[in-house]
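Please look through the structure shown below, and keep it in view while reading the paragraphs that follow.

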Amino acid sequence: MAQQPSPRPTACLALADGTLFYGHGFGATGETTAELCFNTAMTGYQEIMTDPSYAGQIVTFTFPHIGNTGVNPEDDETADPVAAGMVVKWDPTVSSNWRATQELGDWLAARGRIAIGGVDTRRLTRAIRQSGAPHVALSFDPEGNFDAEALVAKARGFAGLEGMDLAKDVTCAQSYQWNEMRWAWPDGYAPQTAPKHKVVAIDYGAKRNILRCLASAGCDVTVLPASATAEEVLAHNPDGVFLSNGPGDPAATGKYAVPMIQKILDTTDLPMFGICLGHQMLALALGGRTIKMNHGHHGANHPVQDRETGKVEITSMNHGFAVDSQSLPEGVVETHVSLFDGSNCGIRMKDRPVFSVQHHPEASPGPQDSFYLFERFAEHMAARG
């Protein structure tokens, strides 16, 4: 029997070094340029694609079964996908899950996000680990017509994430209230009806589940844009200030975020808690510095050790920059470290109820190994009275 010809590739991923990966396109047609990272999570592809921290990035999923549970509105971390695109090993199959309301490919297409399947993601992941997160161009053309040289040139022309303030692109346009708590069977997302603490959350690209965790910890949450001033924060008379996750270079966002944080620290004794980019903002405000990582940390299986208790937590991570622990000043303690590479994952002030972590306690990979951080924040606010 004659061998059947392989289907013509309908998508192409071009790396800035000239390497080309061909596969099958799904989602939206067109082209996009971005930084390429890989994520090792086995679940949560919808949450990953809608995490604002992935602005400016295309995500390679190392787990092959992407799309098999479909998508549904409850799992969105923000209104629309923020990641520029996705790369997967196997083409998505028809979904099989009682919660699914739409197929992954249709969801991506409706929201203008490009995806490519049929790629050797192990080879691609090795390349990212060895050479760092590359700049890439991704194209989906149903006719399979690609100008490889032009795609490589576009990848080389991508400015990169260093020096880019992306928080301004994903933050809210105006302040709003949040009272929805974490999902629980059988009621789903119930409202917080008896909050004990007023919290102002600065939105550098906040995930919805972080806000839900704050509400579940007894907080009445007011969300303010990333550009909020100290005066605007304090006008709400909060019991505590939360600094959210977000994308881009922390040094760039810090140009306006750091002065706000420093003024609050200098003029009040308010408890403060930061996650991810918020952790990096706090470190910069306290006198530390941040550095670009080779390929970053992206996954739901990262072991982090609490240096003060010895406890090891299984965490979710998503960051391409890290706090340089060697730069932390006197009076700031390193509380958490990655057991993969020893990089910084948490800090606190010695004499103030001010702390932050690099990982995502709201993502529940442990599943609740790190939820105590939200409770600690609430305890600090209760102790203040």
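Are F273 and F355 buried or exposed? In this predicted model, both F273 and F355 are buried. A pair of aromatic rings is described by the distance of the centres and the angle of the planes. The count of aromatic pairs in the structure comes to eight, and one of them joins W183 to W185 in a tilted arrangement, with 6.4 Å from centre to centre and 45° between the planes. W183 is partly exposed, at 36% relative accessibility, whereas W185 counts as exposed, at 65%. The rings of F273 and F355, for their part, have centres 4.7 Å apart and planes at 15°, so this pair is stacked. Because F273 lies in strand β14 (residues 272–275) and F355 in strand β19 (residues 354–357), the pair ties together parts that are 82 residues apart in sequence. Both residues also belong to a cluster, in which ring pairs link F242, F273, F355, F371, F374 and F377.

The cysteines come next. A disulfide is a covalent bond between the sulfur atoms of two cysteines, and a search of the whole structure finds zero disulfides.

The next topic is empty space. Rolling a probe the size of a water molecule over the atoms shows where empty space is left. The largest pocket holds about 1,000 Å³ of space, and of the 42 residues that line this pocket, T43, G44, E47, D75 and A363 are the closest to its centre. Helix α1 (45–49) gives the most to this lining, with four residues, while the elements that each supply at least two residues also include β9 (180–184) and α6 (208–216). By class, the lining of the largest pocket divides into 14 nonpolar, 17 polar and eleven charged residues.

The second largest pocket has a volume of about 260 Å³, and R129, H295, G296, H297 and F340 are the closest to its centre among the 14 residues of its lining. Strand β15 gives the most to the lining of this second pocket, with eight residues.

There are also four cavities of 30 Å³ or more, and the largest cavity contains about 130 Å³ of space. Of its 17 lining residues, those closest to the centre are G246, G248, H319, G320 and F321. Strand β16 gives the most to the lining of this cavity, with four residues, and the lining as a whole divides into six nonpolar, nine polar and two charged residues.

One contact remains. E231 is placed in helix α7 (residues 230–234) and is partly exposed, with a relative accessible area of 43%. The side chain of E231 makes a polar contact of 2.2 Å with the side chain of K263, and the C-alpha atoms of E231 and K263, which are 32 residues apart along the chain, are separated by 9.0 Å.

Definitions and conventions:
Residues numbered from 1 in each chain as written. Predicted model: local features only at pLDDT ≥ 70, side-chain atom pairs only at ≥ 80, totals over all residues. Heavy atoms only, no water. Buried < 20%, exposed > 50% of the residue type's maximum accessible area, 1.4 Å probe, protein only. Polar contact = N/O pair within 3.5 Å; in protein donor to acceptor, adjacent residues only side chain to side chain. 1 Å grid on protein atoms, 1.4 Å probe; cavity = no way out; pocket = protein on both sides within 12 Å on 5 of 7 lines; lining within 4 Å. Points joined across faces, edges and corners; volume = space filled by probe spheres on them. Nonpolar A, V, L, I, M, F, W, Y, C, P; charged D, E, K, R; others polar. Disulfide = S-S within 2.5 Å. Phe/Tyr/Trp six-rings, centres within 6.5 Å; stacked < 30°, edge-to-face > 60°.
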